[in-house]
Amino acid sequence: MEQPPPPETPPGVPPAPAQQAMPAAQTGQPGRFSPDGFWWWDGGSWRPAYSQDRLWRWNGQSWVPAASAPARSGGGVGLAIGLTVGAFAIVLILVVVVVLVILGTMGGQIANVFSNVAAALNSTPSP
């Protein structure tokens with residue numbers, strides 16, 4: 001009995017990579033999975049290898065829980081927020097250091113400027 005080709009993939013889905021040629025002993029035997037792993041050859045027709053809700057997978061003998069997708073590390077959004085907060089903290093620390101250096105070296109001159117401005121504002125206008 002000749003087996004038909006695996007079912008076509010839905011439109012818009014890229015085709016699965018080409019599979020290596022299987023040994024002749026395996027090509028006609030039931031229990032062969034399609035190259036993408038979503039179909040199973042039972043000897044007469046292609047059957048889905050996953051349940052409709054994708055929670056169960058056919059392993060060739062029985063239905064077993066499908067391997068869950070690997071947990072994401074949360075690196076996308078969490079990493080972006082962490083980097084943004086860290087960059088803001090570094091910039092804030094640099095600004096504080098620069099202000100302290102300026103006030104430490106030029107504090108007397110800045111105080112003199114403010115006292116001159118305050119004296120000018122408190123003085124009576126000249127005619």
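Visitor: In the protein chain, what share of the contacts with a separation of 6 or more comes from residues 24 or more positions apart?
Guide: The model here is predicted. Take the contacts in the protein chain with a separation of 6 or more. Residues 24 or more positions apart account for 23%.

Visitor: In what order do the elements of the protein chain run from the N terminus on?
Guide: The chain has two helices and five strands. Read from the N terminus, the order is α-β-β-β-β-β-α.

Visitor: Is Ser34 buried or exposed?
Guide: Ser34 sits in the loop between strand S1 (32-33) and strand S2 (39-41). Its relative accessible area is 6%. Buried means under 20%. Therefore Ser34 is buried.

Visitor: Which residue's side chain does a polar contact of 2.5 Å join to the side chain of Ser34?
Guide: Ser34 belongs to the loop between S1 and S2. The 2.5 Å polar contact links its side chain to that of Asp36.

Visitor: What kind of aromatic pair do Trp58 and Trp63 make?
Guide: The structure holds four aromatic pairs. In the pair of Trp58 and Trp63, the ring centres are 5.4 Å apart. The planes stand at 65°. Planes over 60 degrees apart count as edge-to-face. So this pair is edge-to-face.

Methods. Residues are numbered from 1 along each chain as its sequence is written. This is a predicted model: local features need pLDDT of at least 70, side-chain atom pairs count only at pLDDT 80 or more; totals for chains, interfaces and linings use all residues. Side-chain values use heavy atoms; hydrogens and water are left out. Helices (H or I, at least four residues) and strands (E, at least two) are DSSP runs, numbered from the N terminus. Buried means under 20% relative accessible area, exposed over 50%, partly exposed in between (1.4 Å probe, protein chains only). A polar contact is a pair of N or O atoms within 3.5 Å; within protein, one must be able to donate a hydrogen and the other to accept it, and residues adjacent in sequence count only if both atoms are side-chain atoms. Contact means heavy atoms within 4.5 Å. Rings of Phe, Tyr and Trp (its six-membered ring) pair if their centres lie within 6.5 Å; planes under 30 degrees apart count as stacked, over 60 as edge-to-face and the rest as tilted.
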